Amino acid sequence: MAKVTYLYHSGFMVETENNCLVFDYYTDGGRVNNIDLSAFKNKNVFVFVSHFHQDHYDREIFKWKDMNVRYVLSKDCKYDKSIENVTVVSANKGYVIDGLAVETLKSTDEGVAFIVHADGLTVYHAGDLNWWHWNGESDAFNNMIKKQYTSEIDKIKGMNVDIGFVPVDTRLEDKYILAIDYLMRNVDVKHIFPMHFWQDYRIFDFLDRDNRTEEYRDRIERIEGPGQVFEL
């Protein structure tokens, strides 16, 4: 069906029959640079950036500009306007980009989440669309985030998603699970990849032991390190 490579943090590459999709590439200042797009000369390469935060928007991606890459950037991302093949996207819109169908949701932080339809597959990358419930924040703030997050996910309620990427952040303490749990109970996701866990791989043990994941635990893909490849 597809090949998924975990790059780093929230960065993933999805290879379908005719396309190579790169999401939120991040090298941590060049420390983790584990992608070679020259291997995909026979595929259409799309590079997606969900928002401008440095852990999602690494300028390394523009080193690929001479490789027939199409960039899909959230409108909050600044870039050199001399770079060609850039499509700027806004939240809650639909686009057809070189034959690729792309939909967006509004993030609960900055930018957008992506829903990409390629070669008969549907891929969801949340960016920072997350249920950001911080235990130290006010009830008013946390209730606002809850409303925003559930409202966005409800827009795709019942959708069949083949591959999903969603933040599961241990900094949220016991609330780490809220986003993935709501998504999995409202959207039919075949393979779900936790992300944005800051290399705290304990998150997979937490998910495995959490009673709330029982109904969808077998659909959670376990990541062990950058460069890991999943054949789906």
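Buried means under 20% relative accessible area, exposed over 50%, and partly exposed in between, using a 1.4 Å probe and protein chains only. Keep that scale in mind on this tour of a predicted model, where local features need pLDDT of at least 70, side-chain atom pairs count only at pLDDT 80 or more, and totals for chains, interfaces and linings use all residues. Residues are numbered from 1 along each chain as its sequence is written, and side-chain values use heavy atoms, with hydrogens and water left out.

**Stop 1: Asp205 and Arg222**

Select Asp205, which is partly exposed with a relative accessible area of 31%. Its side chain meets that of Arg222 in a salt bridge (2.5 Å, N to O); the term stands for a side-chain nitrogen of Lys or Arg within 4 Å of a carboxyl oxygen of Asp or Glu. The pair links distant parts of the chain, 17 residues apart: Asp205 sits in helix α3, Arg222 in the loop between α3 and β13. Helices (H or I, at least four residues) and strands (E, at least two) are DSSP runs, numbered from the N terminus. Arg222 counts as partly exposed because its relative accessibility is 38%.

**Stop 2: Arg185 and Glu215**

Now select Arg185 and Glu215, whose closest N and O atoms are 3.5 Å apart in a salt bridge. This pair also links distant parts of the chain, with Arg185 in helix α2 and Glu215 in the loop between α3 (202-209) and β13 (229-231), 30 residues apart. Arg185 is partly exposed at 42% relative accessibility, while Glu215 is exposed at 62%.

**Stop 3: α1 against α2**

Show helix α1 (residues 139-154) with helix α2 (residues 178-186): they pack at an angle of about 30 degrees, with their axes 10 Å apart. Axes are lines fitted to C-alpha atoms, for helices over the stretch in contact, and angles run from 0 to 180 degrees between N-to-C directions. The two helices are therefore roughly parallel to each other, a label for angles under 35 degrees. Which residues meet here? Tyr149, Thr150, Ile153 and Asp154 in α1 meet Ala179, Tyr182 and Leu183 in α2, contact meaning heavy atoms within 4.5 Å.

**Stop 4: Glu15**

Finally, select Glu15 in strand β2 (residues 11-15). Glu15 is buried yet has no salt bridge; Lys43, the nearest side chain of opposite charge, is 4.3 Å away. For charge, Lys and Arg count as positive and Asp and Glu as negative, with His and the chain ends not counted. Leaving out residues up to four places away in sequence, Glu15 touches Ala2, Lys3, Thr5, Phe40 and Lys43.

Conventions
Angles under 35 degrees count as roughly parallel, over 145 as roughly antiparallel, 65 to 115 as roughly perpendicular and the rest as oblique.
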